[in-house]
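Let's take a walk through the aromatic side chains of this protein. Have the viewer open and follow along.

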Amino acid sequence: MNLVESPAWQALSSHASTLRQRHLRTLFADDAERFARFSRQHDGLLLDFSKQRIDAETHRLLLDLATRADVDGWKQKMLAGTTINHTENRAVRHIALRAGPLAPAEVRCVLERMQACCESIHSGSWRGYAGEHITDVVNIGIGGSDLGPRMATRALAAQQQPDLRVHFVANVDGADIAPLLARLNPRSTLFIVASKTFTTQETLTNAATARNWLLAAAGDEAAVARHFIAISSDRQRTRQFGITDDNVFEIWDWVGGRFSLWSAIGLSLALAVGWRQFEQLLAGARSMDAHFINAPAADNLPLTLALLSLWNTDFLGAGSAAVLPYSHSLQLLPAWLQQLEMESNGKRTDRAGQPIPVPTSPIIWGDAGTSGQHSFYQLLHQGGQLVPCDFIALREADFPLPGHHQPLLANCLAQSAALAFGQDADELRAAGVAESLLPYKLFPGNQPSSTLLLPALNAYNLGQLLALYEHKVFCLGVLWNLNAFDQWGVELGKQLAGRLAPLLAGDTDDSAFDSSTRGLLAALR
């Protein structure tokens, strides 16, 4: 019996047909203890999900579904190193990267080498080919080799090292790397090439450009060894590039790209904020790992987020979900979550190779508040589409300028309340709104949201937050009975691009392609 045919799913479906008609105003009016009932805390982090369109029965039925799907059993399989990524025959062990003293020996070895690298660059003992110390680091990667460290470096801007600038290049479009190289000094720039296989087209194209730029100034191939680091599992390819083995940091096939920030992929982040801060990031994630592993289902924050997402997607019919951090430093978090959630769970086939009969991952989107309030919030309030929201706020500002943080928090609380409760015709009349304008100023409300409140945006709390969402994704993969750790959907486009590149370079036999592609090729030629 698949999950959708199970009694637990059918019970939720029947329950949803009744609850779907109830407004959040009514749910709050009927339960004076709603916030206490539907909020949870762990290690300083507060999750308020009382503005979700659920009641006590919904919560009970969702927990029954998690039991039916055997979330705890799959959790133990992951921890035991079982090959739960069955289509690639790989274990899923990113938790081991932040296990501290309990981490595998090979992980501790790489972390020790990362620490030594950071200290040599921060102390100035690492010198470029002309004897100058490093002032700029450029991380060259794409996908998980870029989004994680780029997002976290931006998030921890308040903790960054004062004498080192860290930059990120991902797009194969020359407009990404060319302006950056134009303002850097080759004598004091270090490149980190992050590619597990050292074959990723976009990354290797940018790396070759950076290498040529360096050699044009240095005039000596030996300079590559002083200005390039690789994060890769292929030593042969890195040697061919000119990177010495001492400057290669290993990454393993049991670390998926979108779960790799905690590995050597995080070296650019560690350089940006310092090794102690990177260790705090790992410690925060470790705290959330322990909570996820040990907390009972009813109090488990990642499982709660997963069950709410499934409820909104498959029972209330939401096709997208917005992530709205009221922190400018977390502006890149929605982009990181897009890869984490949609690449993991955007799939139509279950573990047995059968079609999944319900929608899986919603479309993830969002932006930092309060900027979004002046663009897409109009749709959230009056667009007529169900869009569940995650609001994320900080008790303490990371840049505590007088007069800034309280208005920011006020806007966050106001928006979640306005989305939930709206404003009806009687309230508008009482406010003096003319009858002719009532249809335009009506706020239907009943938009579900959760609010995550962090004590502050430091490395420890960021580690908690990111691990929270990682475990949410794992739980959803179990609930939908899919493999959240492969990504076959990215392969076809890569293959076709490889066949099209020679045609753009001058070959003319395009007969294997459709008329649209042939027409576009002709126009581009």
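How many aromatic pairs does the structure hold? In this predicted model, the count comes to 16 aromatic pairs.

Start with Y326 and F391. Now look at where the two partners come from. Y326 belongs to the loop between β8 (320-325) and α15 (333-345), while F391 is in strand β10 (residues 389-394), so the pair links parts of the chain that are 65 residues apart. Both ends are buried, since buried means under 20% relative accessible area: Y326 has 0% relative accessibility, and F391 likewise comes out at 0%.

Next, go to F474 and F485. This aromatic pair is tilted too, with 6.5 Å from centre to centre and 40 degrees between the planes. F474 sits in helix α20 (residues 459-479), and F485 is in the loop between α20 and α21 (491-505), 11 residues apart. F474 counts as buried at 4% relative accessibility, and F485 is buried as well, with a relative accessible area of 10%.

Select F191, F198, W213, F228 and F241, and you'll have a cluster linked by ring pairs.

Finally, bring in some charge. R93 places its charged end over the ring of W254, 4.4 Å from the ring's centre.

Note on methods
Residues are numbered from 1 along each chain as its sequence is written. This is a predicted model: local features need pLDDT of at least 70, side-chain atom pairs count only at pLDDT 80 or more; totals for chains, interfaces and linings use all residues. Side-chain values use heavy atoms; hydrogens and water are left out. Rings of Phe, Tyr and Trp (its six-membered ring) pair if their centres lie within 6.5 Å; planes under 30 degrees apart count as stacked, over 60 as edge-to-face and the rest as tilted. Helices (H or I, at least four residues) and strands (E, at least two) are DSSP runs, numbered from the N terminus. Buried means under 20% relative accessible area, exposed over 50%, partly exposed in between (1.4 Å probe, protein chains only). A charge sits over a ring if NZ of Lys or CZ of Arg is within 6 Å of the ring centre and within 35 degrees of the ring normal.
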